[in-house]
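Please keep the sequence and the 3D view at hand while reading.

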There are 2 protein chains.
Amino acid sequence: MIEGSAFVAAPLGGMTLAQLGAQVIRIDPVGGGPDLGRWPLAPSGSSLYWTGLNKSKLSVTLNFRAPEGRQLLHDLVTASGACGGIVLTNAVGQEWLSYSVLAGLRPDLIHLQVQGYRDGRAAVDYTVNAATGFPLITGPDGMNGPVNHVLPAWDVACGLYAAVGLLAAERRRYRTGAGSEITMALADVALAVAGHLGFLADAQISGSDRPRIGNHLYGGLGRDFQTADGERVMVVALTRRHFADLASVTGLTATFAELERRLQADFTDDGDRYRHRQVITALLEPWFAERGLADIERALGTTSVLWSRYQGFAELTSDDSLGKNPLLQQISQPGVGAVFAPLSPLVMDSLPAARPAPVLGADTEPVLTRLLGLTEADVQALAERGIVGVGSPR
Amino acid sequence: MIEGSAFVAAPLGGMTLAQLGAQVIRIDPVGGGPDLGRWPLAPSGSSLYWTGLNKSKLSVTLNFRAPEGRQLLHDLVTASGACGGIVLTNAVGQEWLSYSVLAGLRPDLIHLQVQGYRDGRAAVDYTVNAATGFPLITGPDGMNGPVNHVLPAWDVACGLYAAVGLLAAERRRYRTGAGSEITMALADVALAVAGHLGFLADAQISGSDRPRIGNHLYGGLGRDFQTADGERVMVVALTRRHFADLASVTGLTATFAELERRLQADFTDDGDRYRHRQVITALLEPWFAERGLADIERALGTTSVLWSRYQGFAELTSDDSLGKNPLLQQISQPGVGAVFAPLSPLVMDSLPAARPAPVLGADTEPVLTRLLGLTEADVQALAERGIVGVGSPR
């Protein structure tokens, strides 16, 4: 498939399929797109963001301002075989990548257009997120103003939905021969997910916003606790069994039973655990505050209670257990060096091995010679005239 | 397909496919699973969360403690036709739903097991998130301690990856006849996404955590601003064109040019815009603080600058424009009433119309009669003996 993309959503969509074995050719303008130097950077200046989101792809660079460059793109879309004719893009206003132009060349085209809003206006994760309602209920109770998320969750969801959409369309084409025009707006992804999780219906029915409850779990019992040795742990009792185990291990079974009587509450019900979260967690606090992490781990480890320690990225990546997780492969990324590269989290047989991101333009020559029948000399001549790029400026 | 699931990830995976036209039969224990009453709730007590995550599915309830109940499940897995033999589950330790048992009945089985950790231990979004590093860099600069996300982003990503995995496996089975055993750990989803976005490589190379920078956009220019009428807007200049437009509309082009000279910076480079974000955004603040939202909208609306107003869920769902977005359909959800139900954000032709979530167990009789050839009287007898459930306690 051809991916004409930048930033997170479309590149993640293409990479999700590439990591499952699809041949994904990322097309960029000669010299690279606007995301080529996006932070974080390696000491060399290579983008860890770009290389992270373009693993396992091929990179072809073309000069889209030249008619010959656009023609080469069109040749790639039409020539790329039975499993080809698939285009994923977040470019808006670039006619040569549009469904209407490309479907004229290949009627069974599958084309997925990622855009900001449904009407085609631009948006990014950070602006979409502002309008969702989440920033106003994130962060400490009593705080004013919005708290933005750091994980671009809407971009991530949009990229994965894109992979779903392409697979669904290819499934149909394989059975019926019919192509598909698919569009997806980042803002719609956010609305859909907020709706699926009940946030929209809740606000629509209640007419009010969910309260800002800090690190408490909404609608159940869960919160962070400080330990005697200065660590923090997130502890969740999602079911009645979790809660019974938590009460038992902390020696609070009788206390909670007495509390239930006095409050006329039923702590086997998660709604009641949530309503009384302040008093329940206040009673739990000393147990954590009086114990070091090792003791807590030993005690909770034998129960059903869900918990985890908070840690930062540096600690996470220095953790020995990470290197033992076959999800993460130590690869040699050109321009970066040895880094952890995650495979797809989908574990199934016959998946390809981890492959680094390409050097920008590194596949222009092999792709144009293999798929379009050009000679090396042809590609060299095109490169000299600035119609295609070969290799990278880095 | 058969979905034996609870909470967010597996149900979202099944619903993603159901909204694209798949027949998804959610199997629950008689009386419902642990997520049936999960908050938020409608005034009737029906869960807006459960109904949001199970739209467009069929609901069959079986007594898994009874051998006959487990046999009915096995019959459904083997009998469900050419596109059947697909099982999505997050149940761990329930042998009758396991790959090893079910693949013995149908060798071309596609089975996707969602679990907490790769080794099978349990985890939920909130505990996985604690270990990722994100909570320690979310929230206001200078704050101590973690800030949990409110959106269960890892569950959402896991559910969408599950839909990708099932489509990829079904693609292979259609071509080769081979089934697939797929497993996916929620913790691996979080690690994979953190890795794809460059967070892991950044920490691995630098040995340190990214700073907590409040609502600033990392590696570029973006932040929230207060307006004269008490609103807040998120403003992002991701490219040099965005920044030039922002400088121009705020009358700061010459000021920024002078600043670049004095700081020996280049604001056409997003790294430099990020390094000098404090002074750049301090210069921008008065422009926003002196204007009301309507003026800001008028001024920015003619530029490429990316921006959005912050709003809460209640305001979002009372917004007239929401009802005009064809993504959201007003449906009548049993037990809830009229609510906005989002379709899939993937817009393509021949998608099914919006369908509410089923009443728990409402499809036990039609599914068992249609797919397994039982009579209504058979199902009635099974229900009386507690082997299956019909209809809902609500």
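## Where the two chains meet

Between chain A and chain B an area of about 11,500 Å² is buried, and carbon and sulfur atoms give 71% of that area. In chain A, the residues that lose the most area to chain B are W39(A), H196(A) and F313(A), which together make up 8% of what that side buries. The model shown here is a predicted one, and the values in this report are computed from it.

Counted by residues, 135 residues of chain A are in contact with 135 residues of chain B. How many salt bridges are there between chain A and chain B? The count is six salt bridges, and one pair of side chains that meets in a salt bridge is R175(B) with E170(A), at 2.9 Å from N to O. Polar contacts can be looked at as well: across the interface of chain A and chain B, 46 residue pairs are in polar contact, with both residues at pLDDT 80 or more.

Which helix gives the most to the side of chain A that touches chain B? Helix α6 of chain A, residues 153-176, gives the most, with 17 residues.

In chain A, three strands form an open sheet in the order β7-β8-β9, and their pairing is antiparallel. The edge strands of this sheet are β7 (221-226) and β9 (306-309) of chain A, each of which pairs on one side only. From one strand to the next, the twist averages 15°.

Helix α5 of chain B, residues 125-132, packs on this sheet and touches β8 and β9 of chain A, while its direction makes about 10° with that of β9(A). Strand β8 of chain A, residues 232-237, pairs with β9(A) in the antiparallel sense over four bridges, and V235(A) has W307(A) in β9(A) as its bridge partner.

## A sheet of seven strands in chain B

In chain B, an open sheet of seven strands has the order β6-β5-β4-β1-β2-β3-β12, with mixed pairing. The edge strands are β6 (180-185) and β12 (388-389) of chain B, and each pairs on one side only. Within chain B, strand β2 (residues 25-29) and strand β3 (residues 58-62) pair in the parallel sense over five bridges, and D28(B) stands opposite T61(B) in β3(B).

## Details of the backbone

| Peptide bond | Form | Omega |
|---|---|---|
| W39(A) to P40(A) | cis | about 0° |
| W39(B) to P40(B) | cis | near 0° |

Where do the two prolines lie? P40(A) is found in the loop between β2 (25-29) and α2 (48-53) of chain A, and P40(B) has its place in the loop between β2 and α2 (48-53) of chain B. W39(A), which is joined to P40(A) by a cis bond, is also among the residues of chain A that lose the most area to chain B.

One further detail concerns F7(A), a residue other than glycine whose phi has a positive value, near 65°. F7(A) lies in the loop between β1 (2-4) and α1 (9-18) of chain A.

Technical notes: Residues are numbered from 1 along each chain as its sequence is written. Chains are lettered from A and ligands numbered from 1 in the order in which they are written. This is a predicted model: local features need pLDDT of at least 70, side-chain atom pairs count only at pLDDT 80 or more; totals for chains, interfaces and linings use all residues. Side-chain values use heavy atoms; hydrogens and water are left out. Two strands pair if DSSP finds at least two bridges between them. Axes are lines fitted to C-alpha atoms, for helices over the stretch in contact, and angles run from 0 to 180 degrees between N-to-C directions. Contact means heavy atoms within 4.5 Å. Buried area is the accessible area (1.4 Å probe) that two parts lose on being put together, summed over both. A salt bridge is a side-chain nitrogen of Lys or Arg within 4 Å of a carboxyl oxygen of Asp or Glu. A polar contact is a pair of N or O atoms within 3.5 Å; within protein, one must be able to donate a hydrogen and the other to accept it, and residues adjacent in sequence count only if both atoms are side-chain atoms.
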